[in-house]
Amino acid sequence: MTTAQLPPAELIHLVPDVFTRPFWEAAAAHRLVVPKCTTCGTFRLPPSAFCFRCRAQEVEWVEQDGRGSVYAFTVVHHPVLPDFADSVPYVPIVVELPGTNGCRLVGALQDVDIEDVRIGMDVELVWRDVRDGETVPTFRPAVRRSS
Amino acid sequence: MSETLRDKAAVVGVGATPYYKRGRSLPQTPFELAGKAMLAALDDAGLTVEDVDGLALYSFGLGGDTSLFAQVMGIPEVRFTAMLTGGGGGAAGSVGLAAAAIASGMATCVVSLMSLQQAANRFGASFAPKKRAAGAQYAAPPTPEGNFIQPAGLVGPGQMFAVLTQRHMHLYGTKREHLAEVAISTRENARRRETSIMRDELTLDDYFAARMIADPLCLFDFCLECDGAVAVVTVGADRARDLPHPPAYVRATAHGGHGRWGQAITWMGMPEEEFASSGHRPVARRLWEMAGSGPEDVDVALLYDHFSPMVVLQLEDYGFCPVGEGGPFVGDGNIRWKTGTIPVNTHGGNLSEAYIIGMTHVKEAVEQIRGTAVNQVDGAALALVTGGPASIPTSSVLLAKDVSS
């Protein structure tokens, strides 16, 4: 068994602009929000200046629960730079967020044996505090709840 | 039929510096390599710098700006200088840009070239930060959009294409054995060429014993890291017939892609129906339209191979096989020189000959059309060249032995 690690936190630097800042401010408060066009209702990620469908600009920030499924992934075994040497293997995954017309969020998957990663597996968001005021999304396999 | 670029121009000269492993071209400069490649291509064409009046480029291929290049090389008058946006996706398309310049009457003799020196900048970590003792310094500065990818540890193109490949495997059952066949068949082609950096035999055992880099891509699924330069010269079709070599007519060309393919691997939000693709489908459709032909007419395919699975996906996107069947298609031996139905990367590609961001593919296509290739496809009359599956634009060009009737 080989447990997935996380890429080095010291190499993560957020540089929000006017369009992405609300996303990262919510992230720092451990809330996932996705911009939704107030004109046509289309979600978009990353947050950007225009709605790609109707070109309107105004958005509302809709909170998501951070659950989704693995759309695609890789397991990084070899560090491309020495700075990553102590962090492999790690598992970047692309997660499709349900109910957002196909918006995808990319993050590292943790708390998982690298042999167990599969497309379609259910995951849930885990916030990773990189430094004061900077928090990025990561994921872990979804905890099954009996309902 | 509407007016198009079809057969209006031809590639008449090709030239290259030696190909070097990363950093070995020093103390030459990238600019110097560019000049040497252009002079070699002009010499091959029976032309001189006095004839050059245009530059059609992609991905900052000169290693500097046209202004300094023209000044240093003594180009008498620049009448056309333009560069496709984006990166390696524009490789084949730069020849199309040259043809457009010529067909529109803006220039008469246009050079396309790529000069590459990776001593200081490894593309394999294009999107990675470099840590310095005092704070962090970036090879690629963080951007608001990159912030949605890089914190996951996706910092190199190979890792990103591995993600697309996993999706293709999931949807269609593509296997590592299929990727291995791309690497091994390409190596076999490279082994017979003196210009190739990789000439040792590559076996299936070697492939599976190689270190895994980003699952499912192992060492041999990655292209080489190289220095060197390749240039090609394009002129009008009438003039081409008076020059020493048989012309390689620009039968058709296209570049671009769907807008929502966009930044592709550095975004991962591409539409569901083309996520596990090379992004080339709209470009391929327009290429075949302009050519009035299809994949069944192509004799040899020079497909941009920065990563082996992208050969598989381009075979699908250009219609050599149905979408989803690229793996078994290569597995059945279809891309082998001599024995396959569509020989691919007869020069050894980016994977085994040299990685000069796709311009070696253009050079090989011209040599195939001339009938002078080391691994010649008998009677090759139509050669497909593609630019890198990447962000918009991707591109392609069809080179032909004869003008269409």
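In this predicted model, strand 4 of chain A and strand 8 of chain B, residues 212-215, run antiparallel and are joined by two bridges. Within this pairing, Val75(A) has Asp215(B) as its bridge partner in strand 8 of chain B.

This pairing belongs to the wider meeting of the two chains. In total, 34 residues of chain A are in contact with 35 residues of chain B. On the side of chain A that touches chain B, at least two residues each come from strand 3 (67-73), strand 4 (75-76), strand 5 (91-96) and strand 6 (104-109). Strand 6 of chain A gives the most to this side, with four residues. By residue class, the side of chain A that touches chain B divides into 23 nonpolar, seven polar and four charged residues.

Chain A may next be considered as a whole. Its secondary structure comes to one helix and eight strands, and from the N terminus on the elements run α-β-β-β-β-β-β-β-β. The C-alpha trace of chain A spans about 50 × 40 × 25 Å along its principal axes. The radius of gyration of chain A is 16 Å, which agrees with the value near 15 Å that a compact globule of 147 residues would have. Of the 147 residues in chain A, 39% are buried. Among the contacts in chain A with a separation of 6 or more, 57% are between residues 24 or more positions apart.

The strands of chain A include a closed barrel of five, which runs 3-5-6-8-7 with mixed pairing. Neighbouring strands of this sheet are turned by 55° against each other on average, direction ignored. One of the pairings joins strand 6 of chain A to strand 8 of chain A, residues 134-141, in the parallel sense over two bridges. Here Ala108(A) stands opposite Thr138(A) of strand 8 of chain A.

Helices from both chains pack on this sheet. Helix 1 of chain A, residues 21-28, touches strand 7 (122-131) and strand 8 of chain A, and its direction makes about 70° with that of strand 8 of chain A. Helix 4 of chain B, residues 157-172, also packs on the sheet; this helix touches strand 3 and strand 5 of chain A, and its direction makes about 105° with that of strand 3 of chain A.

Leu42(B) counts as buried because 22 other C-beta atoms lie within 10 Å, where the cut-off is 20 or more. Leaving aside its neighbours within four places in sequence, Leu42(B) is in contact with Gly13(B), Leu47(B), Thr48(B), Val49(B) and Val233(B). Val233(B) is 191 residues from Leu42(B) along the chain, yet the C-alpha atoms of the two are separated by 6.7 Å.

Helix 5 of chain B, residues 176-191, packs with helix 9 of chain B, residues 308-317, at an angle of about 100°, and their axes are 8 Å apart. The two helices are therefore roughly perpendicular, since angles of 65 to 115 degrees count as such. Helix 5 of chain B makes the contact through His178(B), Leu179(B), Val182(B) and Ala183(B), and helix 9 of chain B through Ser308(B), Pro309(B), Val311(B) and Val312(B). The residues of this contact divide into six nonpolar, two polar and no charged.

Methods. Residues are numbered from 1 along each chain as its sequence is written. Chains are lettered from A and ligands numbered from 1 in the order in which they are written. This is a predicted model: local features need pLDDT of at least 70, side-chain atom pairs count only at pLDDT 80 or more; totals for chains, interfaces and linings use all residues. Two residues are in contact if their C-beta atoms, placed from the backbone, lie within 7 Å. Ala, Val, Leu, Ile, Met, Phe, Trp, Tyr, Cys and Pro count as nonpolar, Asp, Glu, Lys and Arg as charged, and the others, Gly among them, as polar. Two strands pair if DSSP finds at least two bridges between them. The radius of gyration is taken over C-alpha atoms; the globule rule is 2.2 Å times the number of residues to the power 0.38. A residue is buried if 20 or more other C-beta atoms lie within 10 Å of its own, exposed if 12 or fewer, and partly exposed in between; C-beta atoms are placed from the backbone. Axes are lines fitted to C-alpha atoms, for helices over the stretch in contact, and angles run from 0 to 180 degrees between N-to-C directions. Angles under 35 degrees count as roughly parallel, over 145 as roughly antiparallel, 65 to 115 as roughly perpendicular and the rest as oblique.
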